[in-house]
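Subject: A structure for you to look at

Hello,

Here is the structure I promised to pass on. Please open it beside this email and follow along.

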Amino acid sequence: MSAPQFWSTPFRYMRWASHEKPAIFYSLIVGAMGPVALVTLPPIRRYFGSYDPEPVRFTYPIPEGPRKIPEGFDDE
């Protein structure tokens with residue numbers, strides 16, 4: 001039993017796949033870059049001066065001190 005073509009000659013198989021089945025081949029290449037980007041992009045961003053934004057608030061800020069009651073809108 002012979003080894004599959006990919007494991008015996010991987011570069012030749014990748015060249016064949018890039019010509020014969022380009023959509024599948026390049027989608028695998030782009031998909032493989034995702035985990036690599038998770039590891040490499042944050043240090044590169046920090047090196048060029050990018051910073052993480054302030055987290056988005058999930059509550060309305062409560063003002064300090066006593067509540068100011070509006071005047072002039074009372075029912076008579």
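Below is what turned up, starting with a pair of helices.

First, some background: this is a predicted model, where local features need pLDDT of at least 70, side-chain atom pairs count only at pLDDT 80 or more, and totals for chains, interfaces and linings use all residues. Residues are numbered from 1 along each chain as its sequence is written, and side-chain values use heavy atoms, without hydrogens and water.

Helices here are DSSP runs (H or I, at least four residues), numbered from the N terminus. Helix H2 (residues 10–20) packs against helix H3 (residues 22–47) at an angle of about 120 degrees, and their axes are 6 Å apart. Axes are lines fitted to C-alpha atoms over the stretch in contact, and angles run from 0 to 180 degrees between N-to-C directions. On the H2 side, the contact (heavy atoms within 4.5 Å) is made by Met-14, Ala-17, Ser-18, His-19 and Glu-20, and on the H3 side by Pro-22, Phe-25 and Tyr-26.

Now find Ser-18 in helix H2. Is Ser-18 buried or exposed? At 18% relative accessibility, Ser-18 counts as buried, a word that means under 20% relative accessible area with a 1.4 Å probe, protein chains only. Leaving aside neighbours within four places in sequence, Ser-18 touches Phe-25 and Tyr-26.

Enjoy exploring!

Notes:
Helix = DSSP H or I, 4+ residues; strand = E, 2+ residues; numbered from the N terminus. Buried < 20%, exposed > 50% of the residue type's maximum accessible area, 1.4 Å probe, protein only.
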